[in-house]
Amino acid sequence: LLLLTHDQEKLRSNLIDPANGSSTVVALAHAEGPFKDRLLLVFVGFLHKVEASAANYQIIKEHLPLFLEAFHRVGQENDSLTCMTINIFRNLLAFDPSSFAHLCNPSSFSALKEHFQSKNKATIKQVLLLLSDLIASDDSVLELVEQMNVLERIAGNLERVAKNKLVKQKDCEYLIAHLALLAQLSLLSSWRIDIVKHAILQHVLQLLTFCNNSNIVIAICNFL
């Protein structure tokens, strides 16, 4: 679609017209076959890529339950699609904070919990960033975050990095996402107790002994 519409302004404007965009979403959501969920998420990505406009965010928001259902069903079968979709959810939340209610329903968190178990670092990073955005929007989401066993997973991830005593350049943003969420959670006394209990502080201090990336050091200082 992006290739087809690159030099075809009329075709592109027809595809992203609110009425056409909505009808395409509904058609894909009710299609048959094994690829319908992936196609639906790809179309959301297309809308976002072509033009991150108010009209397109309105289409995404209007059909957000359909996108979330597709996101849940797709599961861990496609990490690049997962990362793209979570990034769109983050942008939608920034554009329209009222989308918080949809993004925080139990089904959505069930999908996030599943993706948080991924071995793909890019997926884990995107989940952490979305959780940070949701908490910043409304801390009532913390109860759902707690059910995801976030601290246990963060502790395990940081422990692996600390044991290897090596931070690759490509993993810097991944680590910073962990530290940013920890800094956010540590503002709450009940979470501070759990952070200490999971030996997270110990792993973070180990990072300081060998990591020379200034952005990670700043993120560690923010957390401390």
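**Notes on the predicted model**

1. Leu201, Leu205, Leu208 and Leu224 together make a nonpolar surface patch of about 330 Å². Please keep in mind that this is a predicted model. Is Leu224 buried or exposed? Leu224 is exposed, because its relative accessible area is 53% and the cut-off for that class is over 50%.

2. Now the overall picture. The protein chain has 15 helices and zero strands. Of its 224 residues, 46% count as buried. The chain exposes about 11,400 Å², and carbon and sulfur atoms supply 55% of that area. Taking contacts between residues at least 6 apart in sequence, 71% join residues at least 24 apart.

3. On to charged pairs. Side chains of opposite charge can pair when their charged atoms come close. How many salt bridges does the count come to? The count is eight salt bridges, and the next points go through some of them.

4. Arg73 forms a salt bridge with Asp37, with the closest N and O atoms 2.8 Å apart. This pair links distant parts of the chain: Arg73 belongs to helix 5 (residues 64-74) and Asp37 to helix 3 (residues 36-50), 36 residues apart. For the accessibility of the two partners, Arg73 is partly exposed at 47%, whereas Asp37 is buried at 13%. Asp37 gets that label because buried means under 20% relative accessible area.

5. Arg73 has another partner to look at. The side chains of Arg73 and Glu69 also meet in a salt bridge, at 4.0 Å from N to O. If you are checking distances, note that the cut-off is within 4 Å. Both residues lie in helix 5, four residues apart, about one turn of the helix. Glu69 counts as partly exposed, with a relative accessibility of 39%.

6. A further salt bridge joins the side chains of Asp133 and Arg90, at 2.6 Å from N to O. Asp133 is in helix 9 (residues 121-137) and Arg90 in helix 6 (residues 79-95), so this pair ties together parts of the chain that are 43 residues apart in sequence. Asp133 is partly exposed, with a relative accessible area of 24%. Which residues do salt bridges with shared partners join into one network? They are Asp37, Glu69 and Arg73.

7. Next, helix packing. Two packed helices are described by the angle between their axes and the distance between the axes. For helix 5 and helix 8 (residues 106-116), the axes come within 9 Å and cross at roughly 35°. The crossing of helix 5 and helix 8 is left-handed. On the helix 5 side, the contact is made by Leu68, Phe71 and His72. Helix 8 contributes Ser107, Ser108, Ser110, Ala111, Leu112, Glu114 and His115.

8. A loop residue worth a look is Lys165, in the loop between helix 11 (150-164) and helix 12 (172-185). Lys165 is exposed, with a relative accessible area of 58%. How far apart are Lys165 and Gln206 in sequence and in space? They are separated by 41 residues in sequence and by 8.4 Å in space, C-alpha to C-alpha.

9. Asn149 has a phi near 55°, a positive value in a residue other than glycine. Asn149 is found in the loop between helix 10 (142-147) and helix 11, and is partly exposed at 38% relative accessibility. Ala199 also has a positive phi in a residue other than glycine, near 60°. Ala199 is placed in the loop between helix 13 (189-197) and helix 14 (200-210). With a relative accessible area of 26%, Ala199 is partly exposed.

How values were computed:
Residues are numbered from 1 along each chain as its sequence is written. This is a predicted model: local features need pLDDT of at least 70, side-chain atom pairs count only at pLDDT 80 or more; totals for chains, interfaces and linings use all residues. Side-chain values use heavy atoms; hydrogens and water are left out. Patches are made of residues with over 30% relative accessible area and no salt bridge: like charges are joined within 9 Å, nonpolar side chains (Val, Leu, Ile, Met, Phe, Trp, Tyr) within 5 Å. Accessible areas come from the Shrake-Rupley method with a 1.4 Å probe; for residues, only the protein chains shown count as cover. Buried means under 20% relative accessible area, exposed over 50%, partly exposed in between (1.4 Å probe, protein chains only). Helices (H or I, at least four residues) and strands (E, at least two) are DSSP runs, numbered from the N terminus. Contact means heavy atoms within 4.5 Å. Axes are lines fitted to C-alpha atoms, for helices over the stretch in contact, and angles run from 0 to 180 degrees between N-to-C directions. A crossing is left-handed if the near helix is turned anticlockwise from the far one by less than a right angle, and right-handed if clockwise.
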